[in-house]
Amino acid sequence: MHFPAPDPKNYQRLRSLPAEKAIACYLGGDFTIGEDPALLEAIQRGLSLPMKHEDIQEILFACIEAAVTVEECKGRLISGA
């Protein structure tokens, strides 16, 4: 199976998003394969999270499964739950 390479311009755009918009993109699946690290970086930086990307991603996965809002997800990320 062949997947297109991520667009460097879009990667940089995602990386520079405010945390809330990056969370919304992640929850909505508004990115392509290989661009999730850009969103994780934007979320980590925007919320000043001291956790690893893997931990942030775990919380985001739980938020997707629970179908929570961006604000609820933001609260979970800040609390580390």
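These legends go with several close-up views of a predicted model.

Local features are given where pLDDT is at least 70 and side-chain atom pairs where pLDDT is 80 or more, while totals for chains, interfaces and linings use all residues. Residues are numbered from 1 along each chain as its sequence is written, and side-chain values use heavy atoms, with hydrogens and water left out.

**View 1. Here is Ala-38, a residue of helix 3.**
Helix 3 covers residues 36–47; helices here are DSSP runs of H or I with at least four residues, numbered from the N terminus. Is Ala-38 buried or exposed? Ala-38 is buried, with a relative accessible area of 0%. (Buried means under 20% relative accessible area, exposed means over 50%, and partly exposed is in between, using a 1.4 Å probe and protein chains only.) If you skip residues up to four places away in sequence, Ala-38 touches Tyr-11, Leu-14 and Arg-15; contact means heavy atoms within 4.5 Å. Look for Gln-12 too: it sits 26 residues from Ala-38 along the chain, yet their C-alpha atoms are separated by 7.2 Å.

**View 2. Now for helix 1 and helix 3, packed together.**
Two packed helices are described by the angle between their axes and the distance between the axes. Helix 1 (residues 8–15) and helix 3 pack at an angle of about 20°, and their axes are 7 Å apart. (Axes are lines fitted to C-alpha atoms, for helices over the stretch in contact, and angles run from 0 to 180 degrees between N-to-C directions.) That is why helix 1 and helix 3 are roughly parallel to each other. Angles under 35 degrees count as roughly parallel, over 145 as roughly antiparallel, 65 to 115 as roughly perpendicular, and the rest as oblique. The crossing of helix 1 and helix 3 is right-handed: a crossing gets that name if the near helix is turned clockwise from the far one by less than a right angle, and left-handed if anticlockwise. On the helix 1 side you'll find Tyr-11, Leu-14 and Arg-15, and they meet Pro-37, Ala-38, Leu-39, Glu-41, Ala-42 and Arg-45 in helix 3. Sorted by class, the contact of helix 1 with helix 3 has six nonpolar, no polar and three charged residues. (Ala, Val, Leu, Ile, Met, Phe, Trp, Tyr, Cys and Pro count as nonpolar, Asp, Glu, Lys and Arg as charged, and the others, Gly among them, as polar.)

**View 3. Here helix 2 and helix 3 cross.**
The axes of helix 2 and helix 3 cross at roughly 145° and come within 8 Å. This crossing of helix 2 and helix 3 is left-handed. Which residues of helix 2 meet helix 3? They are Ala-19, Ala-22, Ile-23, Cys-25 and Tyr-26, and their partners in helix 3 are Asp-36, Leu-39, Leu-40, Ala-42, Ile-43, Gly-46 and Leu-47. By class, the residues of the contact of helix 2 with helix 3 divide into ten nonpolar, one polar and one charged.

**View 4. Time to look at the largest nonpolar core, with its 22 residues.**
A nonpolar core is a set of buried Ala, Val, Leu, Ile, Met, Phe, Trp, Tyr and Cys residues joined through side-chain atoms within 4.5 Å. Ile-43, Ile-56, Leu-60 and Leu-77 have the most contacts inside the largest core. At least two residues of this core come from each of helix 2 (19–28), helix 3, helix 4 (53–66) and helix 5 (70–79). Helix 3 gives the most to this core, with six residues. Zoom in on Ile-43: leaving aside neighbours within four places in sequence, Ile-43 is in contact with Ala-19, Ala-22, Ile-23, Leu-49, Ile-56, Leu-60 and Leu-77.

**View 5. This one is about Gln-57 in helix 4.**
Gln-57 is buried, with a relative accessible area of 18%. Not counting residues up to four places away in sequence, Gln-57 touches Tyr-26, Asp-36 and Leu-40.

Ser-48 is exposed, with a relative accessible area of 61%. Its phi is near 50°, a positive value in a residue other than glycine. Ala-67, in the loop between helix 4 and helix 5, has a phi near 55°, again positive in a residue other than glycine. Ala-67 is exposed, with a relative accessible area of 66%. In the loop between helix 2 and helix 3 you'll spot Ile-33, which is exposed at 53% relative accessible area.
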